[in-house]
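User: Got a new model to go through. Can you take me around it?
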Amino acid sequence: MSDQQNKSIVLQMYNSFDQGNLDKVQESLAPNFVAHIPGASEPLNREAFMQSVLMTFRSAFPDGMHRFEDVIAEDDKVVTRGTFSGTHFGELQGIPPTGKQITIPFFHIDRIVDGKLVEHWGQSDLLGLMQQVGIIPIPGPGLIVRKLYLALSKAMPFAQRLR
């Protein structure tokens with residue numbers, strides 16, 4: 001398949017996800033599909049990827065949309081870079097809905113064989129996601145100043161601190 005055809009297949013899969021059509025997403029994945037996801041102890045097969053990643057994320061952010069900055073294809077791989085935005089309306093791995101808007105950057109690499117996705121590598125800002133839904137606090141300027149003061153005072157010789 002051409003690079004342009006592979007781009008089209010990948011973008012259609014993400015569009016189907018954004019529209020909430022997970023059956024169509026599943027149709028675009030080959031039976032031997034595997035996903036390499038940060039935090040997973042081993043690659044996920046097609047069913048595990050659908051359940052633990054796509055369905056979980058879609059139910060947590062039902063209005064979620066991908067916005068692509070770059071879509072690059074070469075041979076059997078398509079690289080996408082952009083942001084995912086949505087509203088936290090559903091539970092996310094035990095985190096109750098907050099109603100907060102999130103926007104996280106991502107990089108994905110998808111490999112296509114015979115018109116189907118056979119492999120996926122995904123990288124997203126999950127720390128930023130947790131900060132945006134309020135699970136992990138973002139340090140304010142006061143904390144940063146205190147940490148800087150402590151670091152500098154430890155570096156300064158004791159005699160200079162007494163003056």
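User: Where does H3 bend, and by how much?
Analyst: H3 bends at Leu 54, by about 30°. The bend is the angle between axes fitted to the seven residues ending there and the seven starting there. A caveat on the source: this is a predicted model, where local features need pLDDT of at least 70, side-chain atom pairs count only at pLDDT 80 or more, and totals for chains, interfaces and linings use all residues. Residues are numbered from 1 along each chain as its sequence is written, and side-chain values use heavy atoms, with hydrogens and water left out.

User: Next topic, salt bridges. How many are there?
Analyst: Five. The rule is a side-chain nitrogen of Lys or Arg within 4 Å of a carboxyl oxygen of Asp or Glu.

User: Which residues are linked in a network?
Analyst: Asp 76, Lys 77, Arg 111 and Glu 119. Asp 76 pairs with Lys 77 at 3.8 Å. Arg 111 reaches Asp 76 at 3.6 Å. Arg 111 lies in strand S5 (residues 101-113) and Asp 76 in the loop between S3 and S4, so this pair ties together parts 35 residues apart in sequence. Arg 111 also meets Glu 119, at 3.1 Å, N to O.

User: Is Glu 119 buried or exposed?
Analyst: Glu 119 is buried, at 15% relative accessibility. Buried means under 20% relative accessible area, exposed over 50%, partly exposed in between (1.4 Å probe, protein chains only). Arg 111 is partly exposed at 23%.

Technical notes:
Helix = DSSP H or I, 4+ residues; strand = E, 2+ residues; numbered from the N terminus.
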